[in-house]
Amino acid sequence: MNRPRPNKSHAGEHTTAGPPGGLGAVLRHDLPASVVVFLVAVPLSLGVAAATGAPLMAGLISGVVGGIVAGSLSGAPLQISGAATGLVVITGGLVAEYGWPATAAITLAAGAVQLLFGLAKLGRMALSLSPAVVHGMLAGIGLSIAVGQSAVVLGGTAATSVLDNLTKVATTEVRWSAVLVGALAVAALVLWPRVPRASVVPAPLVAVLVATVATAGFEVDRVHLPGEVLSQVVLPELPSGGFGGIAFAVLTVAVVASTESLLSAVAVDKLHTGPRADLDRELIAQGTANAVSGALGGLPIAGGIARGSTNVAAGARTRASTVLHGVWIALFVIALGSVLELIPLAALAGVLLVVGVRLVSVRRMRALWRHGEFSPYAVTLVGVVVLGLVEGVLLGVALAALRSLHRLTRASVRVEQEPDGWRVVIRGSLVFFGAGRLVRGLRAIPLGQRVVLELHIDFLDHGAYEAIDDWRVGYERLGGHVEVDEVHDTWFSKATKGIPALRKTPLSPLPRWFAPWSHWQRHRHVTVPRPRADVDPMIRGMREFERTTAPLVRPFLAELAARGQRPRQLFITCADSRVVPNLITTSGPGDLFCVRNIGNLVPLDGDDSVGAAIEFAVEVLAVDTIAVCGHSDCGAMKAVVQGSTRPGTHLHTWLKAVEPSLIRFHAAESDLPVVERLSVANVAQQLDNLMAYRSVREAVSTRSLRLVGMYFDISTARVYLVDPTSDDLHPVHA
């Protein structure tokens, strides 16, 4: 069975969207969608051209080139490119200053700059945008579209700004014929999906057809195309003026068009579940399209969320919809312009009105509110509506960046009183502008007390260090005692030694109690002698357990206390202090039933302690595994090899049980050092010794119990399995 080939996404991951489905899928989904987008793109193209003072044909050229050229090369296949709505004011200013032919040349040059942006892989920078900003941009554009098209539905014309459109909505003399046409289109668009099998024909296409047929013969404003459109083509000319001003104009068009396209591509991605956009490729496509559009006398081109969201809503699946919509613009404008002129403008406005309203998602607002991300969303929305697309996004990005900076550098401070003094627990990143709140908390501690500063921090800059150290020096001068307890790193100690903090360090993934006392207790910055009992490392360790670890394991221990122990493994290992069974098996309370002795031995002569533990584990606890774990640098094996035990001692008597292991050791061949080779042979021998126990033998024969040999290399912190038939070591595979 062939699996679908994964499509590379812009985030670096792969999606497994299935293949487009061939010509049948194109005819069913992309062809109707292209017609819908074509019907939306034509009035948009004409409107942008009229608003900038450019020839109307320039808008239509940008629609054709945006569809065919940008669509063919696009890294965001469902995005629709055309006359850049975000550049209306900028393009209008260029036309007024340099004239239209020179503006076309600037557009061509801006396309070349965009090509360089794409080749330099700058497109992926758009992925750094906060989702709240992207959704705020969508909502702002949607609201702008809805307000502008409301003016058209009322019988007026749409302006270029939301505030102007609000004025038009309030002052336009209502034309009820336009209102009825718009209402009919909105009703068809909303109700059509409820019709059985309605997905065969896109709702926007139905809305336009219904409104057009219903108004046949009535006096309503309809799409108007210029006569003899080819005669209006104006080719580019080199602009006259200072080089600096022209270069700035080229760069401005390139940056704004690129920003609008990338933001729209990211936004369109959030409207569908298909492959993600390749933003660098999208920049190359936009640059190529702008170069071609400028060369043919067209407007600057950019991807548009209004057209892109319409394309997705109409059911498009591939770039065929994008390319076809450009083809339809060319064919219909040249050959069948009269058909387009039958469509009421209010019908197109009704379609765009619904598209705009749907971009303002209440569900998304609630989700962002719950996650504390509503403020960047709201600022972006208001900024896009009041100031414009780029300005609104920049405001949202600035606020999102400030919020992220605050979160990343925020440290939590908890001051609590203890029986013998005070403890201040600090977590997070401690930088200078958060030190003020910390010092205020420290100054509230009564003078002359014992204070422990417990630092769980991943960064400490010099300003914060000086604030803490100045307080510490002053507090101790007035009779207090301060102890700095660094849990996860030694930032304070490094700062004391003059070692600068350069970058964050990840917090330790393991609880402190996995580290030896000698490690974490020696890093404490003790300034005064402590009571003798508190100096004892075990007492300190128990206090640390009760304060930090006990709250984490208490739920598990309470459950184990209630239902009793049910370990599945008997773990026999050496008493060596460097071997920690729960550490090397990543286990916790209730997992291992342990037997520890010198040399991890199972004596054949029947030691009562070891024998009782084995019988209890097999017969009462019904464990399903017995593991015997030896280790490197074993003192017991060294003593046997060197013959260093004194006769008549308990140790000498106990190590006589290693004699069978010695025989096995001499028979084995291995490249390991002598002591390590004996340790491995000893593990294999203890597995044989276990079979001398009747309960073990019976459980193994019924396959309810298995015996496992293990070897722990202390220096490399690696665990190996021991093959008892060959005394070889094998790594533990995941």
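Contacts, cores and a kinked helix

Mentor: In this predicted model, residues 24 or more positions apart account for 73% of the contacts (heavy atoms within 4.5 Å) in the chain with a separation of 6 or more. Residues are numbered from 1 along each chain as its sequence is written. Local features need pLDDT of at least 70 and side-chain atom pairs pLDDT 80 or more, while totals for chains, interfaces and linings use all residues; side-chain values use heavy atoms, without hydrogens and water.

Trainee: How do you know what span to expect for α2, residues 56–73?

Mentor: The expected span is 1.5 Å times one less than the number of residues. Helix α2 has 18 residues and reaches 26 Å from first C-alpha to last, close to the expected 26 Å.

Trainee: Where is the kink in α2 centred, and how is a bend defined?

Mentor: The bend at a residue is the angle between axes fitted to the seven residues ending there and the seven starting there. In α2 the kink is about 30 degrees, centred on G66.

Trainee: Why is a set of residues called a nonpolar core?

Mentor: Because its members are buried Ala, Val, Leu, Ile, Met, Phe, Trp, Tyr and Cys residues joined through side-chain atoms within 4.5 Å. The largest such core has 47 residues, and I106 and I305 have the most contacts inside it. Its largest share, 13 residues, comes from α9. Apart from it lies another core of 34 residues, among them L60 and I343.

Terms used
Helix = DSSP H or I, 4+ residues; strand = E, 2+ residues; numbered from the N terminus. Buried < 20%, exposed > 50% of the residue type's maximum accessible area, 1.4 Å probe, protein only.
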